[in-house]
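Open your viewer and get ready to click through a few selections. Each stop below tells you what to pick and what you will find there.

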Amino acid sequence: MVERYAREKMKRLWDLEAKYNAWLEVEKALVRGWNKLGLIPDEDCEKICKNARFDIARIEEIEAVTKHDLIAFNTSVSESLGEESRWFHYGITSSDCIDTAVALQMRDSLKIILEDVRELRNIIKRRAYEHKDTLMVGRSHGIHGEPITFGLVCAIWYAELGRHLKSLESTLEVVSVGQLSGAMGNLAHTPMELEELVCEELGLKVAKVSNQVIQRDRYARLITDLALLASSCEKIAVEIRHLQRTEVYEAEEYFSAGQKGSSAMPHKRNPVLSENITGLCRVIRGFSIPAMENVALWHERDISHSSVERFILPDSFITTDFMLVRLSGLIEKLLVYPKNMLKNLNLTGGLVFSQRILLELPKRGVSRENAYKIVQRNAMKVWESLQEGKDAVNQKGESLYLQYLLADKELIELLSYCEDSGVSGNKQSGEQILRECFEYGYYTKNVDAIFKRVFEE
C-alpha cells in the first residue's frame with residue numbers, strides 16, 4: 001500500500017494534466033510579470049489569470065493538425081479567453097515555457113526523492129544501532145576475512161547514502177532554474193526584469209545565460225545523480241540477496257503469511273524484493289547515457305533531446321521513488337539471524353584470527369616473512385582438515401586453528417615468555433598469547449567510535 005501510494009504521488013507529477021498545469025503556471029506568471037512592468041492592463045491580466053484553462057482532448061485534436069504541442073496548448077487556452085488572449089505567451093518562445101515548467105516538475109519530484117533518501121537513512125540508522133554489536137564474519141572475494149558486526153555493514157550504507165543526499169541537495173539548486181530569454185536567448189523581446197519577476201514568483205532562480213533552452217548538463221547531472229544513487233541501492237540489495245542464500249542464511253526478507261515463493265517448490269522463500277530492486281536500479285542507470293548525450297545540441301538548440309526526455313525524466317523519477325520506498329520497507333522488515341552469523345563466523349575453525357597472530361609475532365622479534373610462513377602453514381592445515389570433515393571446534397570449545405597453533409613447537413618457543421609488546425614488561429606464556437588472539441572483543445573495540453563518527457553528524 002505504501003509503495004502504491006508513493007508511486008501514484010510521483011506519477012501525478014508527470015502525467016499530462018501535470019505537464020499542462022505547469023505550462024499554464026508559467027504562462028500566468030508571465031502575464032503577471034508583464035502586468036507589473038506596465039505592458040498588460042490590469043483588467044486583461046485578471047481575466048487571463050482567472051479564466052485561462054486548457055482541455056486535453058482539444059489539445060490533442062489541435063496537435064494532430066499543427067504537429068506542435070505548445071502551439072496546440074496555447075490555442076486551447078486562448079479558446080477559453082476573449083480578446084485578452086493576445087497577451088498569452090507574449091514575447092517568449094516554446095522552450096521558455098516548457099523548460100521553465102519542467103524545472104518545476106523536476107524540483108517537486110526531486111524533493112520527494114530527497115525525502116525518500118532521508119527516510120531510508122533513518123531506517124538504516126535504526127537497524128545499525130539495533131545490530132551494532134551483532135557479530136558476523138566480514139568477507140572479501142566472498143571468502144571469510146575477519147569479524148565485524150552487522151551494524152558496521154549498515155553504517156556503510158548510511159554513510160554512502162549521505163553522500164548521495166548531499167549531491168542531490170546540490171543538484172536541486174542546479175535544476176531549479178528558469179528562463180524567459182526568447183527565441184535565441186538574447187533577451188531582445190523580454191526585459192531581464194521580466195525574467196527575474198517570473199522566476200521569483202515560481203520559486204526558481206534565473207539561468208544566468210541561456211540560448212533557446214536550459215542547458216542539458218543540468219538534466220544530465222540530475223539523471224546521473226539518480227543513477228549513482230541507484231548503484232548504491234543495488235549494492236544494498238545484492239548484499240541482502242547474498243545474506244539470504246541458504247548456505248549463508250544470516251538475514252532474510254520478511255515472508256508474509258500466505259506468500260508463495262515457487263509454483264513448483266512449496267518450501268521456497270526467495271529474495272524477490274531485493275532482486276526486483278536490483279533490476280530497477282539497472283533501469284535507472286540506463287537513463288544516464290541518453291541524458292549525457294542530450295547535452296550536445298546543434299547551435300542554439302534542436303529537438304533531439306525532447307523525445308528522450310519524455311521517457312527518461314518521468315521514468316527516472318517514478319522508478320527511483322518506487323525503488324527507494326520498496327528498499328526502505330525491505331530493510332525495516334529485514335529478518336536478521338545473529339545465531340547463524342555467529343555460526344558462520346566459527347565455520348572456518350578460527351581462521352578469521354590469522355592476522356591478529358601474524359601481527360603479534362613481529363612484536364616479539366620474529367620477521368614478518370617468517371611469521372607469515374608459520375601462521376599460513378597452520379592455516380592450510382585447517383583448510384585440509386575441514387575438507388576431511390574434522391570439527392571446526394573441539395569439545396573444549398577450542399577452534400581447530402588454535403589447536404594447530406598450540407601444537408606448533410616452533411611457534412610456542414618463539415612466543416614463550418617474551419615481553420608483551422615490549423612495553424608493559426609483563427611476561428606471558430606462548431599459550432596465553434595465542435589464546436588472547438582468539439577474542440572477539442579485539443575486533444569490536446572501536447565500533448562505538450566508528451558509530452560516533454558516522455551517526456553524530
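Predicted model: local features only at pLDDT ≥ 70, side-chain atom pairs only at ≥ 80, totals over all residues.

Glu410 and Arg377 form a salt bridge, with their closest N and O atoms 2.7 Å apart. Colour the two helices as well: Glu410 sits in α17 (residues 409-415) and Arg377 in α15, so this pair ties together parts that are 33 residues apart in sequence. Arg377 is also partly exposed, at 34% relative accessibility.

Next, show Arg58, Glu61 and Glu79 together. Salt bridges with shared partners link these three residues into one network.

Stay on α15, which covers residues 368-387, and pick Met380. Met380 is partly exposed, with a relative accessible area of 36%.

For the following stop, display helices α6 (residues 94-130) and α7 (residues 150-175). Their axes are 9 Å apart and the packing angle is about 165°. That angle is over 145°, so α6 and α7 count as roughly antiparallel. Turn the view and you can follow α6 as it passes α7 in a left-handed crossing.

While α7 is on screen, select Glu173 and Lys205. Their side chains meet in a salt bridge, at 3.3 Å from N to O. Glu173 belongs to helix α7 and Lys205 to strand β4 (residues 205-206), so the pair ties together parts that are 32 residues apart in sequence. Glu173 is partly exposed, at 45% relative accessibility.

Then try Lys132 and Asp133, another salt bridge, whose closest N and O atoms are 3.3 Å apart. The structure holds 28 salt bridges.

His89, in the loop between α5 (69-78) and α6, has a positive phi of about 65° although it is not a glycine. His89 is buried, with 15% relative accessible area. Leu187 lies in the loop between β3 (177-178) and α8 (192-202) and has a positive phi of about 55°, again without being a glycine. Leu187 is partly exposed, at 23%.

Finish at Trp298, in the loop between α11 (288-293) and α12 (304-333). Trp298 is exposed, with a relative accessible area of 67%.

Notes: Residues numbered from 1 in each chain as written. Heavy atoms only, no water. Helix = DSSP H or I, 4+ residues; strand = E, 2+ residues; numbered from the N terminus. Buried < 20%, exposed > 50% of the residue type's maximum accessible area, 1.4 Å probe, protein only. Axes fitted to C-alpha atoms, helices over the stretch in contact; angles between N-to-C directions. Parallel < 35°, antiparallel > 145°, perpendicular 65-115°, else oblique. Left-handed = near helix turned anticlockwise from the far one by under 90°. Salt bridge = Lys/Arg side-chain N within 4 Å of Asp/Glu carboxyl O.
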